[in-house]
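Here are my notes on the charged side chains, jotted down as I went through the model. Have the structure open while you read.

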Amino acid sequence: MSLKDLAFVHLLTELTRYARENQSGTVLPRTLVYIEEKEVAVIPDIVFVKRARSGIIQKNRICGVPDLVVEIVSNPSHRDKLLDKKKDTYARCEVPEYWIADPFETTVRKYVLNEGAYQETDNSWLFPDLMVQLPDS
């Protein structure tokens with residue numbers, strides 16, 4: 001199993017457990033997200049939609065802006081793409097929270113949208129008391 005796969009399984013498990021225990025929403029793996037008004041279609045590694053907004057979840061996709069998008073670095077050379085291009089795309093789409101999980105550095109960088117731009121934060125707004133640590137290889 002690759003480092004990305006290990007990080008993916010770990011994060012998906014932790015976020016799903018937290019969302020279920022707190023009845024806060026739905027965590028989905030690798031689901032098509034279509035944001036019509038921005039003409040954006042992406043497949044993030046993990047998405048979260050608050051319970052109150054679950055109507056945007058359809059059979060095989062999410063039609064609207066999810067509350068959290070998580071991307072996982074698959075190769076250190078792809079890190080800049082997640083930190084620049086994808087981060088800009090998600091900010092333009094007004095995704096409230098964006099995480100970049102880097103299994104090569106065993107870090108999870110969390111960003112919250114503030115006035116149209118992401119600001120790095122230590123604590124998630126959506127998962128405030130969840131301390132996420134990636135497993136070592």
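**Notes on the charged residues**

1. Starting with Glu 105: at 44% relative accessibility, this residue counts as partly exposed (buried means under 20% relative accessible area, exposed over 50%, partly exposed in between, with a 1.4 Å probe and protein chains only). Glu 105 forms a salt bridge with Arg 79, with the closest N and O atoms 3.7 Å apart (a salt bridge is a side-chain nitrogen of Lys or Arg within 4 Å of a carboxyl oxygen of Asp or Glu). The two sit in distant parts of the chain, 26 residues apart: Glu 105 in the loop between S7 and strand S8 (107-114), Arg 79 in helix H2. Helices (H or I, at least four residues) and strands (E, at least two) are DSSP runs, numbered from the N terminus. Arg 79 counts as buried, at 18% relative accessibility.

2. Before going on, a caveat: this is a predicted model, where local features need pLDDT of at least 70 and side-chain atom pairs count only at pLDDT 80 or more, while totals for chains, interfaces and linings use all residues. Residues are numbered from 1 along each chain as its sequence is written, and side-chain values use heavy atoms, leaving out hydrogens and water.

3. Glu 71 is buried at 3% relative accessible area, whereas Lys 86 is partly exposed at 23%.

4. How many salt bridges are there by this rule? The count comes to nine. One of them joins Asp 45 and Arg 30, with 3.6 Å between the closest N and O atoms. Asp 45 is buried at 5% relative accessibility, and Arg 30 is partly exposed at 40%. Lys 4 joins these two in a network of salt bridges.

5. Glu 97 deserves a look. This residue lies in strand S7 (residues 97-102) and is buried, yet has no salt bridge; the nearest side chain of opposite charge, Lys 110, is 7.1 Å away. Leaving aside neighbours within four places in sequence, the contacts of Glu 97 (heavy atoms within 4.5 Å) include Asp 67, Tyr 111, Tyr 118 and Trp 125.

6. Lastly, Glu 36: exposed, with a relative accessible area of 56%, in the loop between strand S2 (32-35) and strand S3 (40-42).

Technical notes: Lys, Arg positive; Asp, Glu negative; His and termini not counted.
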